[in-house]
Amino acid sequence: MTNFFDKMKEWNKQVTKKIDEKNEKRRNSVSYYMDKTKAEMKEAERMVEKQRELKSIFYKEYKEMEAYIEKRRRQVEIAKEAGETKLANFAQAEVEQYEAQLETTKEHYEQASEQLEKLELRMHEMRLKWKNLKTQHLAEMAEKNAEETAQKMDKVIHDMSWGSVTDYHEAQKQRELSEEASKKADMAKELSQSFDELMDELDKKTQKSKEVIKDKAQEFSSMVDDMIEREKRNFQKKDQASMDELLNDLEKDAVKKEKQTEDEGLIPELEEKKEEKAEDDK
């Protein structure tokens, strides 16, 4: 049993060493840093797109606030004409508050636009440098490929330079057997996995599951808190909502009265036209 565990520990060391060698070899390659740079570029582009979305949100907020202020201004005039002093004062106060907020929103929009313009210029510069770097990398790959191809051709030509076909065949056979044995040995090392590695992997999965459960619980708690806060705000804004309804109703009534006045002005004209037409018929 002791020999078995010692053997497993030795396999564990060999596998770890092999993995470290592969990672080190990968980190020393240009392709590794090219892929890493490309991933960072994509992340930067997503962040620029996020900035573009923020600019659009500020613009939308600015326009909606302008329309709301204009609506309240109309309602102030309507309330004054109807003698509703309380409603007129309420609407006027909201106009003043939203005008101040409108200036702040406008500043945020202009700042976001300026920041986006700078980021887009930097992104253009980043893409240009990436193209230059990629071209250099392809040139190095082409040079390396040409060198390896020349070496391969030299080897093939050398192998075919044996005195007889039998000697050539025997040399190729020994080389293939050696390469196959080396591949099998490497595969056996890679496939061997110790008990310690399996336990570590299981522990990682358990920890990850705990973290997922914890995150879900926090999300649910945040959702409940948001619902409670929203209900509190709705309760606090009941009086304001009722004022909004009164102003909207007052505005609708004013529109109806204007329409009725227009209709009443048109009725005498229609009657006169009917009488004129009757006289013409006679």
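Glutamate 99 is partly exposed in this predicted model, with a relative accessible area of 31% (buried means under 20% relative accessible area, exposed over 50%, partly exposed in between; 1.4 Å probe, protein chains only). Glutamate 99 forms a salt bridge with arginine 73, with the closest N and O atoms 2.3 Å apart (a side-chain nitrogen of Lys or Arg within 4 Å of a carboxyl oxygen of Asp or Glu). Arginine 73 lies in helix α2 and glutamate 99 in helix α3 (residues 85-159), so the pair ties together parts that are 26 residues apart in sequence.

Arginine 73 also pairs with glutamate 70, at 3.9 Å between the closest N and O atoms. These two residues sit three apart in helix α2, so about one helical turn separates them. Glutamate 70 is partly exposed at 40% relative accessibility. Arginine 73 is partly exposed at 38%.

A further salt bridge joins glutamate 49 to arginine 52, with the closest N and O atoms 2.4 Å apart. Glu49, Arg52 and Glu120 are linked in a network of salt bridges. In total, the structure holds ten salt bridges.

The protein comprises six helices and zero strands (DSSP runs numbered from the N terminus: helices, H or I, at least four residues; strands, E, at least two). Of its 282 residues, 14% count as buried.

Residues are numbered from 1 along each chain as its sequence is written. In this predicted model, local features need pLDDT of at least 70 and side-chain atom pairs count only at pLDDT 80 or more, while totals for chains, interfaces and linings use all residues; side-chain values use heavy atoms, with hydrogens and water left out.
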